[in-house]
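Welcome, and please open the model in your viewer. We will go from stop to stop, with something to select at each one.

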Amino acid sequence: MMQFNKVDLSALLYWFPRALALFLVFTFIAGVWYTFGFGQEFMVGLMVWLIMFFTMLIAWKSDPIGGIIFLILGSASVIVAMGKQVSIGYFLAVPLFTLGITFIGNY
């Protein structure tokens, strides 16, 4: 008879925001590289990626501080995207808000 291991919910809640943050950061850098190549726009995208990477490192050590920073980055993304019809800023804000809420909720 097969025996299934019980899922430790606290471990799942601890690692879910961290895995989501890693996925988001590496997906964003791949998207910037695919979209712009290695031109001047790539350097601007790299700066945004570095901000997200350092925020992820802060959130890795301190859940509430990192969650608040992710919420601020999501708000900044929406503010920058305002006035444009369809902007990537709106689509980037959803995972940033999700990360902020999950890091704060994990705390």
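How many residues does helix α2 have, and how far does it reach from its first C-alpha to its last? Select residues 40–61: helix α2 has 22 residues and reaches 33 Å, close to the 32 Å expected at 1.5 Å a residue. That expected span is 1.5 Å times one less than the number of residues in the helix.

A word on what you are looking at before we go on. This is a predicted model, in which local features need pLDDT of at least 70 and side-chain atom pairs count only at pLDDT 80 or more, while totals for chains, interfaces and linings use all residues. Residues are numbered from 1 along each chain as its sequence is written, and side-chain values use heavy atoms, with hydrogens and water left out.

**The whole chain**

Zoom out and show the cartoon. You will find four helices and zero strands, in the order α-α-α-α along the sequence. Helices (H or I, at least four residues) and strands (E, at least two) are DSSP runs, numbered from the N terminus. The C-alpha trace spans about 55 × 30 × 25 Å along its principal axes.

Of the 107 residues, 29% are buried. Buried means under 20% relative accessible area, exposed over 50%, and partly exposed in between (1.4 Å probe, protein chains only).

**Back to α2**

Select Phe42, Gly45, Trp49, Met52, Thr55, Met56 and Ala59, which are the buried residues of α2. Looking down the axis of α2, you will see them fall within an arc of 145°, so they line one face of the helix. The arc is that of the directions from the helix axis to the C-beta atoms. An α-helix has 3.6 residues a turn, so residues three or four places apart point the same way.

Next, select tryptophan 49 in helix α2. Is it buried or exposed? Tryptophan 49 counts as buried because its relative accessibility is 14%. Show its surroundings: leaving aside neighbours within four places in sequence, tryptophan 49 is in contact (heavy atoms within 4.5 Å) with Val25, Phe26, Phe28 and Ile29. Of these, click on phenylalanine 26, which lies in helix α1. Phenylalanine 26 counts as partly exposed because its relative accessibility is 46%.

**The salt bridge**

Which residue pairs with arginine 18 in a salt bridge? Select aspartate 63 alongside arginine 18: their closest N and O atoms are 2.7 Å apart. The pair links distant parts of the chain, with arginine 18 in helix α1 (residues 9–36) and aspartate 63 in helix α3 (residues 63–81), 45 residues apart. Both arginine 18 and aspartate 63 are buried. The count for the model comes to one salt bridge, defined as a side-chain nitrogen of Lys or Arg within 4 Å of a carboxyl oxygen of Asp or Glu.

**Along α3**

Follow α3 from aspartate 63 onward. This helix has 19 residues and reaches 27 Å from its first C-alpha to its last, close to the 27 Å expected. Its buried residues are Asp63, Gly66, Gly67, Phe70, Gly74, Ser77 and Ala81. Seen down the axis of α3, they fall within an arc of 105°, so they line one face of the helix. The face turned away carries the exposed residues Ile72, Ile79 and Val80.

Stop at leucine 73, also in α3. Leucine 73 is partly exposed, with a relative accessible area of 22%. Apart from neighbours within four places in sequence, its contacts are Ile51, Met52, Thr55 and Leu96. After α3 comes glycine 83, whose phi is positive, near 95°.

**Last stop: a surface patch**

Finally, select Ile79, Met82, Tyr90 and Phe91, which form a nonpolar patch on the surface with about 450 Å² of accessible area together. Patches are made of residues with over 30% relative accessible area and no salt bridge: like charges are joined within 9 Å, and nonpolar side chains (Val, Leu, Ile, Met, Phe, Trp, Tyr) within 5 Å. Tyrosine 90 lies in helix α4 (residues 88–106), and tyrosine 90 counts as partly exposed because its relative accessibility is 33%.

Notes. Areas by Shrake-Rupley, 256 points an atom, 1.4 Å probe, with all protein chains shown as cover.
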